Amino acid sequence: MSEEKKPFNNRNKCEFTGNLGADPKVSKSKTGDRTIVNATLYVTNEYMDPKTNEIKKGNTHFKMVAFGKAADDFLATNPKKGSPVEVSGRMQGNAWKDGSGQARYDLQLHVYKAAVIVPKPKAQPAEQKAA
């Protein structure tokens with residue numbers, strides 16, 4: 001099969017619901033024309049402990065970054081530390097050497113869409129009418 005006719009099966013699309021670990025850090029691109037938002041997302045994981053059959057909880061956290069319109073749209077939802085958020089994007093690995101020459105690596109979520117989750121108002125009980 002030629003290269004251009006191979007099916008596109010390797011998609012890098014991630015969706016998470018979690019909480020912000022700190023207030024987002026906002027900056028501008030070097031040219032000043034694009035907003036950049038950096039934040040840390042905490043996601044709770046539940047799993048069954050095979051030895052005790054108890055449900056355990058753990059947290060995973062990772063860096064997320066939004067650029068341009070995605071950053072502006074996210075900021076419009078007023079994100080703050082602890083805010084529950086829904087995020088869609090793609091994971092990207094970054095490799096570098098630190099000041100001592102040690103190889104470093106991290107994963108970062110490049111955001112396509114993110115927003116603070118606004119809880120739906122609780123329905124008010126129907127008023128009982130007097131007979």
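**Fold and strand pairing in the predicted chain**

The accessible surface of the protein chain comes to about 10400 Å² (Shrake-Rupley method, 1.4 Å probe). Carbon and sulfur atoms account for 51% of that surface. The structure is a predicted model, in which local features need pLDDT of at least 70, side-chain atom pairs count only at pLDDT 80 or more, and totals for chains, interfaces and linings use all residues. Residues are numbered from 1 along each chain as its sequence is written, and side-chain values use heavy atoms, with hydrogens and water left out.

The protein chain has 131 residues, and 26% of them count as buried (under 20% relative accessible area, 1.4 Å probe, protein chains only). Contacts (heavy atoms within 4.5 Å) were also examined by sequence separation. Among those between residues at least 6 apart in sequence, 55% join residues at least 24 apart.

Along the sequence the order is β-β-β-β-α-β-β.

Strand β6 (residues 103–116) pairs in the parallel sense with strand β4 (residues 55–67). Pairing requires at least two DSSP bridges between two strands; β4 and β6 share four. Gln108 in β6 is the bridge partner of Lys63.

Strand β6 also pairs with strand β5 (residues 84–97), here in the antiparallel sense and over 13 bridges. Ala115 in β6 is the bridge partner of Glu86. Strands β5 and β6 form a hairpin, with five residues between them. In the turn, Gly101 has a positive phi of about 85 degrees.

Key:
Helices (H or I, at least four residues) and strands (E, at least two) are DSSP runs, numbered from the N terminus. Buried means under 20% relative accessible area, exposed over 50%, partly exposed in between (1.4 Å probe, protein chains only).
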